[in-house]
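Have a look at the fold, then read on.

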Amino acid sequence: MDILIERRSVRKYTKEDVKKEDLEYILRAGLSAPTARNSRCVSFLVIKNKETHKKLATIHQAAQMVLQAPLAILVVGDKNLAFQGYLPQDCAAATENILLAATAKGYGSVWCGVYSNKERSEAIEKFLSFPENIKAFSLVVVGKSDDNNPPKDKWDLTKIKYESWK
Ligand SMILES: Cc1cc2nc3c(=O)[nH]c(=O)nc-3n(C[C@H](O)[C@H](O)[C@H](O)COP(=O)(O)O)c2cc1C
């Protein structure tokens with residue numbers, strides 16, 4: 001399977017857990033993403049607690065799928081470590097790596113946006129007792145897929161130009 005092309009958002013999961021070794025692979029892939037000037041400002045908060053999932057679902061209206069997922073990974077950035085203004089890009093690269101690694105290990109996942117929704121990110125940071133320098137970026141929900149949606153074919157020649165915009 002070509003995971004880069006076949007990855008898609010999955011929002012329905014079975015009750016099956018994410019295996020410990022698969023989770024470690026997924027987190028390792030996340031940490032392997034590039035960061036500007038190799039700042040390594042990105043960290044992950046793995047959340048399995050159902051009460052925490054419930055609270056996250058009340059804060060984040062578009063993350064209701066977390067209620068039936070075995071786990072969620074909150075991708076965060078340390079603004080004291082980030083190089084210049086690159087924290088969002090660093091966190092985005094890590095988020096995508098997590099999605100791809102989850103796909104490679106046979107899990108469905110979805111990126112739920114936190115940055116740059118001020119109200120949402122501040123509510124999550126307060127709820128999880130983050131220090132001032134730690135910024136919530138995305139919530140990645142992971143589980144075994146319980147839907148049969150096919151991957152979308154996004155190949156679109158109109159999106160590709162060569163050498164100049166003409
Ligand atoms: C920055 C960002 C924020 C997103 N936030 C949400 C979200 O809050 N809830 C959700 O269900 N999907 C969210 N998504 C997933 C997109 O809806 C999804 O990637 C898009 O519809 C394309 O579908 P695909 O991932 O299956 O290719 C987000 C994706 C990105 C990149």
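## Ground rules

Two strands count as paired if DSSP finds at least two bridges between them. Strands (E, at least two residues) and helices (H or I, at least four) are DSSP runs, numbered from the N terminus.

This is a predicted model, where local features need pLDDT of at least 70, side-chain atom pairs count only at pLDDT 80 or more, and totals for chains, interfaces and linings use all residues. Residues are numbered from 1 along each chain as its sequence is written, and side-chain values use heavy atoms, with hydrogens and water left out.

## The sheet

Four strands make an open, antiparallel sheet in the order S1-S2-S4-S3. S1 and S3 (108-113) are the edge strands, each pairing on one side only. Neighbouring strands are turned by 25° against each other on average, direction ignored (axes are lines fitted to C-alpha atoms, for helices over the stretch in contact; angles run from 0 to 180 degrees between N-to-C directions).

S3 and S4 (residues 134-143) share 6 bridges, and Cys112 has Leu139 in S4 as its bridge partner.

## Strand S2

S2 has 6 antiparallel bridges to S1 (residues 42-47), with Leu45 partnering Leu74. Another 8 bridges join S2 to S4, where Leu71 sits opposite Val142.

All 8 of the 8 residues of S2 (residues 71-78) are buried, so the strand is largely enclosed by the rest of the structure. Buried means under 20% relative accessible area (1.4 Å probe, protein chains only).

## The helix on top

Helix H4 (residues 87-104) lies across S1, S2, S3 and S4, at about 10° to S4.

Technical notes:
Buried < 20%, exposed > 50% of the residue type's maximum accessible area, 1.4 Å probe, protein only. Contact = heavy atoms within 4.5 Å.
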